[in-house]
Amino acid sequence: MTTAVTIPRSGGNGERSAVAAAGRSVTKAYGAGETRVVALDTVDVDIARGKFTAIMGPSGSGKSTLMHCLAGLDTVTSGRIWVGDSEITGMKDKKLTQLRRDKIGFIFQSFNLLPTLNAAENITLPMDIAGRKVDREWFDRVVETVGLAGRLKHRPTQLSGGQQQRVAVARALAARPEIIFGDEPTGNLDSRAGAEVLGFLRRSVDDLGQTIVMVTHDPVAASYADRVLYLADGRIVDEMANPTADSVLERMKSFDGRGRTS
Ligand SMILES: Nc1ncnc2c1ncn2[C@@H]1O[C@H](COP(=O)(O)OP(=O)(O)OP(=O)(O)O)[C@@H](O)[C@H]1O
Ligand SMILES: [Mg+2]
């Protein structure tokens, strides 16, 4: 049986659809023959616009793969992916690169800051590369919200881990992307710096209407999200709305090592 592909659309009068990114029957396999690994197995997913979504699941369950496929950083074996109203599966490289540049922000665990640039220059780098004018008012608001106003002239080596990660967060936000993806963005931070960054991500959703997707192993980090998706063996096996650290922890306990309900 085939299911019709339905993906929520904007009304055509400038109104934006409620879905910032979507995947239908997304399958991603690596290798072939005996070494073939199915990292994603016919996944259907909708990422709500203006919401904070966390992706959890055991190591190897496909979290990073799902995020990379949704962000157009990796191609799918089969299935379809949309970012906003644009289908990215089958898109030509040049157009995809442009879409990634204009519509998607990334926060990696390792920050990915350029050591020779100061904080302000790191934040505006993607826009400078794209030849886009920096909206100063927005830049100031983002910098103020992340609490970096006094650190803009500092280089990454002169900043703490938490501050560097906040620069990476500000860089992702400054370009006003449709959607921000973070792969364990607080994984390298101590709990205080992690809480600062997570609090900021939460505020950017509440106050600035940002859409965020974050992979995390940490129930406390997941509790900042509006919704948690649980992956196991390349499938979405569960989800939870309005998570708390306790409810996420309870849910994790009810899965065995491979993520199945025991
Ligand atoms: N480039 C690759 N080549 C072959 N197999 C890969 C590749 N990337 C990922 N895989 C496999 O796909 C599966 C999913 O990997 P993925 O990195 O998405 O897991 P993850 O949930 O992000 O895990 P972790 O929590 O450890 O980061 C794993 O079995 C992994 O070994
Ligand atoms: Mg991963």
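Start by selecting glycine 105: with a relative accessible area of 5%, this residue is buried (buried means under 20% relative accessible area, exposed over 50% and partly exposed in between, using a 1.4 Å probe and protein chains only). Before you go on, note that this is a predicted model, where local features need pLDDT of at least 70 and side-chain atom pairs count only at pLDDT 80 or more, while totals for chains, interfaces and linings use all residues. Residues are numbered from 1 along each chain as its sequence is written, chains are lettered from A and ligands numbered from 1 in the order in which they are written, and side-chain values use heavy atoms, with hydrogens and water left out.

**Around glycine 105**

Colour by secondary structure and you'll find glycine 105 in strand 6; helices (H or I, at least four residues) and strands (E, at least two) are DSSP runs, numbered from the N terminus. Now show what surrounds glycine 105. Setting aside residues up to four places away in sequence, glycine 105 touches Ala172, Pro177, Ile179, Ile180 and Phe181, where a contact means heavy atoms within 4.5 Å.

**The phenylalanines**

Next, select Phe106, Phe108 and Phe181, which form one aromatic cluster. The structure holds 2 aromatic pairs; rings of Phe, Tyr and Trp (its six-membered ring) pair if their centres lie within 6.5 Å, and planes under 30 degrees apart count as stacked, over 60 as edge-to-face and the rest as tilted. Take phenylalanine 106 and phenylalanine 108: their ring centres are 5.7 Å apart and their planes sit at 15 degrees, so this pair is stacked.

Phenylalanine 181 has 0% relative accessibility and counts as buried.

**A stop in the loop**

Jump to alanine 175, found in the loop between helix 5 (161–174) and strand 7. Alanine 175 is buried, at 10% relative accessibility. Leaving out neighbours within four places in sequence, alanine 175 is in contact with Met127 and Arg132. Select lysine 103 as well: its C-alpha is 8.4 Å from that of alanine 175, though the two are 72 residues apart along the chain.

**Zooming out**

Finally, display the whole protein. Its secondary structure comes to 8 helices and 10 strands, and the C-alpha trace spans about 55 × 40 × 40 Å along its principal axes. Buried residues make up 48% of the 262 residues. Of the contacts between residues at least 6 apart in sequence, 66% join residues at least 24 apart.
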